[in-house]
Amino acid sequence: MLRLLIYLVTLAILIAAAVWLADRPGAVAVDWLGWRIETSVPVLLIGLFLVVVLFSAVIRFWRLVVGLPGRLAERRREKRRRQGYLALTDGLAAVAAGDAGRARKNARRADGLLNDPPLTLLLSAQAAQLSGDADAAKNHFARLVERPETEFLGLRGLLTQALRAGDQAAALDYARRAHAVNPDAGWLTATLFDLQARAGLWGEAAQTLRDAAKRHVFPPEDAARKRAIVAYERAGQAQAAGDRREALRQARQAHEADPAFPAAAVRLAELLMAEGKERKAATALADTWRVAPHPDVMAAHLGLSPADDALRRLQRAEKLAAANPDHPESHLAVGEQALRAKLWGQARAHLTAAAEARPTARVYRLLAEVEEAEGGDAAAVRDWLAKAAAAAPDPIWLCRQCGGVAPRWSSLCPTCHALDGIAWSDPLHPPPALPAAAPAVIAP
Ligand SMILES: [Zn+2]
């Protein structure tokens, strides 16, 4: 519409100019180098107009001829770029599909066609990683680290390579550097924490946990458990260094972060006892017994006063069991101490209650002991022992990562070094495996 309007207006102006010129005829004479031209003004103007049109057409043609090689080169470059990106896309698809050969071929092709080292380097690194060429992958990732815009990608690749090779020291170094570049990557914070813990760098691990809390890297319950373990280990380190105040402070933190953590309660109780605070030690153990009764806690509670006779020990056991009186572990502990104190009736009552709730080998063996000590009905004793042989095994410390058996709880599995892998478990029904602590790997 607007175009039509402009066209009509231009046409009107041209017609008006032509009419104006036609109304004003005039003659022009030019004398030049012996030539003489005589004409009217309109003809002269038209002549001048034609000269201008011809001149501009010649210039345009000239430009076309001169610019041709440049345009052809630009078209070739464009084609190479297109082919390069195609190779890159195909290569990335091959990495995702796990096709190492196609990934390598495309990586080489893209590298030859594209002048974009960060992109092609990443593909080359992934292709090398996929085909198991660790040295080449490391080389490519190291070159990515040299550029600020790809430093994090490179460090991530190197970290993955180090973890795959089982080189914990190198992995820790890369994780630290990558964390400094990008502290917001949650998976990296989790990996860094795991590596620091495995290396026994509990002070550093505590700092990483504080950092993780700000960024909500771990779910609240998981974060509390990790805080408890770190504080438990720091208490141990402080104790070994002779700093009892710091040891007590850390042990208290561990116990508060996770009251259902038997080892932390036991360590806190030991440290409190060393300060002569027996009542506080007993309270800490009772707190844990209330939520997670465990034989280690009972043993620590009985150990608060090692010189006790059997009757006093029974009273002690009863006192702790009162924090969680219906739990089979409470019945088992009180029943066993009653047996040692030769109170057969009480022992039988508690052990029977324990056997009803959790019929394991140990309960039946204790019942056989009661039977034997009380009257000595050989058939009844044999009956209990037969039941013990057929019963489910008692819980033990098992690693959730490698399935290894451990003599006692420790933060790191003595076999596979998994953090918090050791759990008090039914050997026939082990708990589910730990979630993978390794970072999201770039290549499959
Ligand atoms: Zn393990």
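Author: One term to start with. Buried means under 20% relative accessible area, exposed means over 50%, and partly exposed is in between, using a 1.4 Å probe and protein chains only. Also, this is a predicted model: local features need pLDDT of at least 70, side-chain atom pairs count only at pLDDT 80 or more, and totals for chains, interfaces and linings use all residues. Residues are numbered from 1 along each chain as its sequence is written, and side-chain values use heavy atoms, with hydrogens and water left out.

Reader: Fine. Is Gln-126 buried or exposed?
Author: Gln-126 has a relative accessible area of 7%, so it is buried.

Reader: Which helix does Gln-126 lie in?
Author: Helix H4, residues 117-130. Helices (H or I, at least four residues) and strands (E, at least two) are DSSP runs, numbered from the N terminus. Gln-126 is 14 residues from His-140 in sequence, and their C-alpha atoms are 8.8 Å apart.

Reader: Now the metal. What coordinates the zinc ion?
Author: Four SG atoms, from Cys-399, Cys-402, Cys-413 and Cys-416, at 2.2 to 2.3 Å. Donors are N, O and S atoms within 2.8 Å of the metal (3.2 Å for Na, K and Ca); water is not among the atoms, so sites may look incomplete.

Reader: How are the donors spaced along the chain?
Author: As C-x2-C-x10-C-x2-C. Cys-399 lies in strand S3 (396-399) and Cys-413 in the loop between strand S4 (405-406) and strand S5 (422-425), so this pair ties together parts 14 residues apart in sequence.

Reader: And are Cys-399 and Cys-413 buried or exposed?
Author: Cys-399 counts as buried at 5% relative accessibility. Cys-413 is buried too, at 1%.

Reader: Switching topic. What domains does the assignment give?
Author: Domain 1 (323-394) and domain 2 (395-444). Those bounds come from an automatic or database domain assignment. The centres of domain 1 and domain 2 are 31 Å apart, taken over C-alpha atoms.

Reader: Last one. Which residues are closest to the centre of the second largest pocket?
Author: Pro-262, His-294, Trp-397, Trp-409 and Trp-424, out of 23 lining residues. A pocket, on a 1 Å grid over the protein atoms alone, is an open set of points where a 1.4 Å probe fits, with protein on both sides within 12 Å along at least five of seven lines; lining residues have an atom within 4 Å of a point.

Reader: Which domains does the lining draw on?
Author: Domain 1 and domain 2 each give at least three residues to the lining of the second largest pocket.
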